[in-house]
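Welcome! Here is a short briefing on one protein model, covering a helix pair and a pocket. Take a look at the structure first.

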Amino acid sequence: MDWPKLPDGSIDWMTVFQAPDTRFTAMIDQSDTSAKLRDCFAYLIDVLFPKENDRRIHDSYWEILEETFQTGSGANALKGQKIKIRMVMTRVMNDRIKIARGG
């Protein structure tokens with residue numbers, strides 16, 4: 001995946017997560033069923049944490065995925081699932097920004 005870059009060469013995580021219509025939050029918003037949302041979140045976990053040294057983090061997000069989608073698949077379930085996934089992705093974005101800034 002080609003990641004957008006900041007002038008200093010680091011990944012522009014804000015754009016990766018929040019650019020309208022093209023990035024991660026758009027993928028979440030466009031999911032119109034729980035199954036599509038689950039697949040989207042699974043894909044994002046795999047893209048963001050592909051390295052072997054990311055395995056612990058990767059697996060912890062898979063646990064969140066499994067827990068999130070135990071609630072069912074109707075319209076109300078989808079709404080709650082989207083809220084939870086957005087919160088998780090915001091946390092991931094903030095962590096990535098902090099790490100990129102040397103923190």
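Helix 3 crosses helix 5 in a left-handed manner (left-handed: the near helix is turned anticlockwise from the far one by less than a right angle; helices are DSSP runs of H or I, at least four residues, numbered from the N terminus). This is a predicted model, where local features need pLDDT of at least 70, side-chain atom pairs count only at pLDDT 80 or more, and totals for chains, interfaces and linings use all residues. Residues are numbered from 1 along each chain as its sequence is written, and side-chain values use heavy atoms, leaving out hydrogens and water.

- The contact (heavy atoms within 4.5 Å) involves S34, L37, F41, L44 and L48 of helix 3, together with L78, Q81, K82, I85, V88, M89, V92 and R96 of helix 5.
- Of these contact residues, 9 are nonpolar, 2 polar and 2 charged (nonpolar: Ala, Val, Leu, Ile, Met, Phe, Trp, Tyr, Cys and Pro; charged: Asp, Glu, Lys and Arg; polar: the others, Gly among them).

**The largest pocket**

- Its lining consists of W3, I11, W13, V47, L48, P50, K51, D54, R96, I99 and A100 (a pocket is an open set of points on a 1 Å grid over the protein atoms alone, where a 1.4 Å probe fits, with protein on both sides within 12 Å along at least five of seven lines; lining residues have an atom within 4 Å of a point).
- Helix 3 (34–48) and helix 5 (75–100) are the elements giving two or more residues to this lining.
- Helix 5 provides the largest share, 3 residues.
- By class, the lining has 8 nonpolar, no polar and 3 charged residues.
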